[in-house]
Amino acid sequence: MEQKTQASKIVVLGEARVGKTSLTVRFCMGQFDDNQKSTLDASCLENTVNLPNGQQMRLTIWDTAGQERYHALNPVYYRGAEGALIVYDITDMDSFTKVNTWIKELRKYLPYARGVGSEHISTSAKTGAGVIELFSNLSKKIISAQSNKKEEAPKKKMNTRGVLKVNGYADFDPQMNVQLQSNRTSTKAKKKDKDGKKCC
Ligand SMILES: Nc1nc2c(ncn2[C@@H]2O[C@H](COP(=O)(O)OP(=O)(O)OP(=O)(O)O)[C@@H](O)[C@H]2O)c(=O)[nH]1
Ligand SMILES: [Mg+2]
């Protein structure tokens, strides 16, 4: 079967310390760090998803910083995104409550996100549970939205579509609360990854 590779940009959003970077790093590099440092500004990684019909989706994943002081920068990273992941921590109720704020934010900056529904998937960056499924599902939705867009092309100027997803730790362990609290100190994020997967 002929392999067809498409490319898409997605953004990862959510409160600070909910696991955005861990999820991205797990998917792109197959690694997990119990002491993952807070993201400053944003970082970007790439990986390709193999889909069942022989298609491939090359995802450029913009992992934003959850800390409040960086929020004003986020719209820069939303631009041109065809998909979004809104991440919350299953051990942190406040991070779940804030999901609505992130949805509103996306709808403000990405008008096409207004009419798009969301899907909830539980993942664990620690064990890897649900991670491939999450990015595969998102890729399928993007491909399906892209083909709908082609059909509607003469009518619409907007050339992007989005899908929102939320995520929680599926490996919930009561000790996570302690771990999260003890990991609140922000240190400077690495600008480059060792294996060169960094895309920007
Ligand atoms: N047990 C468990 N811990 C996780 C998981 N994902 C992230 N963590 C831990 O939670 C903490 C925060 O993870 P990060 O990936 O840095 O969170 P973030 O959302 O990128 O944080 P900011 O960059 O500050 O916005 C780290 O100590 C991680 O090791 C998970 O799936 N399971
Ligand atoms: Mg981060």
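**Figure 1. Arg-17 in the loop between S1 and H1.** The loop that joins strand S1 to helix H1 contains Arg-17. In this predicted model, the phi angle of Arg-17 is near 65°, a positive value in a residue other than glycine. Most residues other than glycine have a negative phi. Arg-17 counts as buried because 21 C-beta neighbours lie inside 10 Å, where the cut-off for a buried residue is 20 or more.

Figure 2. With 22 other C-beta atoms within 10 Å, Glu-15 is buried. When neighbours within four places in sequence are left aside, the contacts of Glu-15 are Gly-66, Tyr-88, Ser-95 and Lys-98. The C-alpha atoms of Glu-15 and Asp-94 lie 8.8 Å apart in space, although these residues are separated by 79 residues in sequence.

**Figure 3. Asp-41 in the loop between H1 and S2.** Asp-41 belongs to the loop that links helix H1 to strand S2. Its phi is positive, about 70°, although Asp-41 is not a glycine. Asp-41 counts as partly exposed because it has 14 C-beta neighbours inside 10 Å, a count between the limits of 12 or fewer for exposed and 20 or more for buried residues.

**Figure 4. The antiparallel pair of S2 and S3.** Strands S2 and S3 pair in the antiparallel sense, and nine bridges are found between them. Within this pair, Leu-45 stands opposite Ile-61 of S3. Four residues lie between the strands of the hairpin, in which Gly-54 adopts a positive phi near 85°.

**Figure 5. The largest nonpolar core.** This core comprises 34 residues, and those with the most contacts inside it are Ile-10, Val-11, Val-12 and Ala-84. Two or more residues each are contributed by strands S1 (4–13), S2 (42–50), S3 (55–64) and S4 (83–87), and by helices H1 (20–29), H2 (74–78), H4 (99–109) and H5 (131–152). Helix H5 provides the largest share of the core, five residues. In soluble globular proteins, nonpolar side chains tend to be buried together.

**Figure 6. Contacts of Val-11.** Val-11 is among the residues with the most contacts inside the largest nonpolar core. Residues up to four places away in sequence not being counted, Val-11 touches Trp-62, Thr-64, Tyr-77, Tyr-78, Ala-81 and Ala-84. Of these, Ala-84 is likewise listed with the most contacts inside the core.

Definitions and conventions
Residues are numbered from 1 along each chain as its sequence is written. Chains are lettered from A and ligands numbered from 1 in the order in which they are written. This is a predicted model: local features need pLDDT of at least 70, side-chain atom pairs count only at pLDDT 80 or more; totals for chains, interfaces and linings use all residues. A nonpolar core is a set of buried Ala, Val, Leu, Ile, Met, Phe, Trp, Tyr and Cys residues joined through C-beta atoms within 7 Å. Two residues are in contact if their C-beta atoms, placed from the backbone, lie within 7 Å. Two strands pair if DSSP finds at least two bridges between them.
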